[in-house]
Amino acid sequence: MAVDEKNAPRRGAQQDRIDRRSRNRNWRRHHVLMARQSWSRLFATPLPTLITLAVLAIALALPGFLLTGLKNVQQLSEGWDHEPRISLYLSPAMDDAAADRFSRELLLRDDLAAVDLISRAQGLLEFRELSRFGNIVDLLDENPLPAVITVQPLDRSLVALPVLKAKLQALVEVDEAVLDLEWLQRLSAFVQLTQRAVLVLGLLLGLAVVLVVGNTIRLSIESRRDEIIVAKLVGGTDAWVRRPFLYTGAWYGLLGAALAWCLIQFSLLTLKEPVAELARLYLSDFEPMGLGLSGSLILLLTSLMLGWLGAWLAVGHHLRQIEPS
Amino acid sequence: MALISFENVSKRYLSGQEALSNVSFTLREGEMAFLTGHSGAGKSTLLRMIMLMERPSQGQVVVGEQNLAQLGRRELPYHRRRIGVVFQNHHLLFDRTVFENIALPLQICGYEPEDAARRVRAALNKVGLLDKENQSPISLSSGEQQRVGIARAIVHKPRVLLADEPTGNLDPELSEEIMKLFQQFNRVGTTVLIASHDLSLIERMRHRTLVLRNGRLIADGRG
């Protein structure tokens, strides 16, 4: 058999040394190669890949969407938090002049920022306009509504407000004092509860992402069994064998997140008009927020890590079982 | 200098079956030897111990200056890089070309691609398959496939070349050709150990022959 003299080893027993620099270069090259190969492998079987990605996207979009919604509600309630009001329902016996006098007295107090009187007639007019019971009011002989004074406290802290409310309630002219903050407090408690629920849901769905990617990688490991065995036989390290699978997992995570991002943005888009309509009805200039740059980045990075983690768990578990025999 | 040495090596499986019992021998650097015996005599087990695919129940195996009992899971790949192995079923990957199959050990060891390509072609040249580098191994005859397996085993110039029934599927003529190939590698300094039950072929080759029977080494001498 012809032996190429130039390329023939002088002595087969001498193994060549590879210097550290070229080994490092080769290590980087292998990373790039594996990243590319695992990318193109994903699309070698487009349908199963797409189904997996769709599952991942839904699992990621749900908490992402809910968190964005919550963020909006929080922003909304924060906006309201800044203007707590106390409504003072005056005793029905008081006439308009007395109510007006009382509101002027209130103006002199140093713990109120603003005082706003809604006279009995004004109240009836608003009631007629805003409710459907206007014609019922017509049946009544006289105006059943009391005059109302809404005041804006100077001290807006949650401790001071109930104290002020109690003080105002104690005044003889006041029939009942209602702190508008109460429903806001309830709302914020509700938001907190929902937040916790979404967090738990997010954790569960994150786990689902890890498991879905893990299972996909497990199948991929099974189908590449021969390759793994040969690599191990010729001296491939665990890291070397693991690498393509870790990249596959990371790609799944990243692509799943990208798809989830589209789903979330699309859902928000469909909600945009009804929300704007609702805001208009409340005379608010509320503008709903999307995921934003940081939200999008968090979504992508979290998902990338989850995909990588799923692959890492699957590979760690199965690669030990595949040994040449 | 002893390159491979077995000292009172025994291998007992959990089932109680004894694959090797009290085997001792040394193989000097640059030596070529055959390992023979009926199937189940322990030939494969012995080769697998050199590859660290199995560990002895008793005794120790030393390759180079390295006592294999001291090698952990992490060092195992680096140990295997010093050894080339040829299998009866050659373990080729059919989803890549002949060239890529042979380049795999070099890629794993960290050779530069140009350097690797040069070495792959040199190895292909030695086994006479230079014109087949872009083909899939599946399109080759079984003799050619075995030669691709050999090229892959020697491409990174291992100190030791092991072969487990490398001619098991081949006709006598091809078998002799493969054995001559092993002799060539041995001539340039590679230590070669071949497990085979083809006694007539072994006799013709006139190399040291180790005979196993029921896990015991019963003969060690010139064929």
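The domain assignment of chain B, whose bounds come from an automatic or database assignment, gives domain 1 (1-82 + 158-223) and domain 2 (92-157). The structure is a predicted model, in which local features need pLDDT of at least 70 and side-chain atom pairs count only at pLDDT 80 or more, while totals for chains, interfaces and linings use all residues. Residues are numbered from 1 along each chain as its sequence is written, chains are lettered from A in the order in which they are written, and side-chain values use heavy atoms, with hydrogens and water left out.

The C-alpha centres of the two domains of chain B lie 23 Å apart. Their contact (heavy atoms within 4.5 Å) takes 13 residues from domain 1 and 13 residues from domain 2. The buried area, defined as the accessible area (1.4 Å probe) that two parts lose on being put together, summed over both, is about 1,200 Å² between these domains, and carbon and sulfur atoms give 70% of this area. In domain 1 of chain B, the residues that lose the most area to domain 2 are Arg81(B), Pro158(B) and Phe185(B), together 45% of what that side buries. Across the domain interface, the rule for salt bridges (a side-chain nitrogen of Lys or Arg within 4 Å of a carboxyl oxygen of Asp or Glu) finds 1. Polar contacts (a pair of N or O atoms within 3.5 Å; within protein, one must be able to donate a hydrogen and the other to accept it, and residues adjacent in sequence count only if both atoms are side-chain atoms) join 3 residue pairs across the interface, both residues at pLDDT 80 or more. The largest share of the side of domain 1 that touches domain 2, 6 residues, comes from α6(B).

Helices (H or I, at least four residues) and strands (E, at least two) are DSSP runs, numbered from the N terminus. Helix α5 of chain B (residues 142-154) has 13 residues and reaches 19 Å from its first C-alpha to its last, close to the 18 Å expected at 1.5 Å a residue, the expected span being 1.5 Å times one less than the number of residues. Of its 13 residues, 12 are buried, so α5(B) is largely enclosed by the rest of the structure; buried denotes under 20% relative accessible area, exposed over 50% and partly exposed in between (1.4 Å probe, protein chains only). The buried residues of α5(B) pack against β6, α3, α4, β7 and α6 of chain B, and also against α8 (225-233) of chain A. Among these buried residues is Arg147(B), whose side chain meets that of Glu177(B) in a salt bridge (2.7 Å, N to O).

Between the chains, the contact takes 41 residues from chain B and 38 residues from chain A. Chain B and chain A bury about 3,600 Å² between them, with 54% of it on carbon and sulfur atoms. The count between the chains is 4 salt bridges, and the side chains of Glu227(A) and Arg96(B) meet in a salt bridge at 2.9 Å, N to O. A further count gives 7 residue pairs in polar contact between the chains, both residues at pLDDT 80 or more. On the side of chain B that touches chain A, α2 (76-80), α3, α4 and α6 each supply at least two residues, and α4(B) gives the most, with 6 residues.

Two residues of chain B other than glycine have positive phi values: Glu165(B), near 45°, and Asn214(B), about 50°. Glu165(B) is found in the loop between β7 and α6 and counts as buried at 10% relative accessibility. Asn214(B), in the loop between β9 (208-213) and β10 (216-222), is exposed, with a relative accessible area of 54%.
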